[in-house]
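Please look over the following chain and its model before reading on. The briefing begins with the overall layout and then turns to one helix and its packing.

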Amino acid sequence: MGTDDAGRTEAGTKDAGADGLDPAAGRGAVRPETRTRRVPGWSVPLLAAAAGLLVWGAGTALGVEAVVRGGAGDTVVGPVAVIVTALLVGLAGWGVRSLLRRLGSPRAGRTPGERTWLVTCAVVLLVSLLGPLGAASASATVLLAALHLTVGAVVATGLRR
């Protein structure tokens, strides 16, 4: 199958060069098809849960027990709590981001509501970091804060665009 001078195949599509460069766009120009793809919104809660579980697993492997002190006694944060909480946070974030996308107006280089989304994420993350302050030990505080930061970062960046 041959190509014409513009790099199109007989079927009319651009020829996919092995180097990822567009021969018609000039030296070193990257084809639009080679840009990074967006993560589907439905996968972000799953990725957040997996990342949270990974952090929790690393912390417990290092001998840290995630225990939070409360009015009803101490609560051990286990893998089920990590997964369920991350899934709920991811699903809630997906809903909020969808709403902001509908209500927001597009700006130069940004999707509708993107700035509002990032500010909302920052505020929610800062408030959520108050929770680990009730941990039973300093190492548990660090582990729980790392969990919050990890899940928050995955949700904020995964749903950004």
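Helices (H or I, at least four residues) and strands (E, at least two) are taken as DSSP runs and numbered from the N terminus. On that basis the elements of the protein chain run α-β-β-α-α-α from the N terminus on, which amounts to four helices and two strands. The model is predicted, so that local features need pLDDT of at least 70 and side-chain atom pairs count only at pLDDT 80 or more, while totals for chains, interfaces and linings use all residues. Residues are numbered from 1 along each chain as its sequence is written, and side-chain values use heavy atoms, with hydrogens and water left out.

**Burial and contacts in the chain**
- Of the 161 residues in the protein chain, 27% are buried, meaning under 20% relative accessible area with a 1.4 Å probe and protein chains only.
- Among contacts (heavy atoms within 4.5 Å) with a separation of 6 or more, 54% join residues 24 or more positions apart.

**Helix α4**

**Packing of α3 and α4**
- The axes of α3 and α4, lines fitted to C-alpha atoms over the stretch in contact, come within 10 Å and cross at roughly 165 degrees.
- Because angles over 145 degrees count as roughly antiparallel, α3 and α4 are roughly antiparallel to each other.
- The contact is made by W117, L118, C121, L125 and S128 of α3 together with H148, L149, G152, V155 and A156 of α4.

Methods: Axes fitted to C-alpha atoms, helices over the stretch in contact; angles between N-to-C directions. Parallel < 35°, antiparallel > 145°, perpendicular 65-115°, else oblique. Buried < 20%, exposed > 50% of the residue type's maximum accessible area, 1.4 Å probe, protein only.
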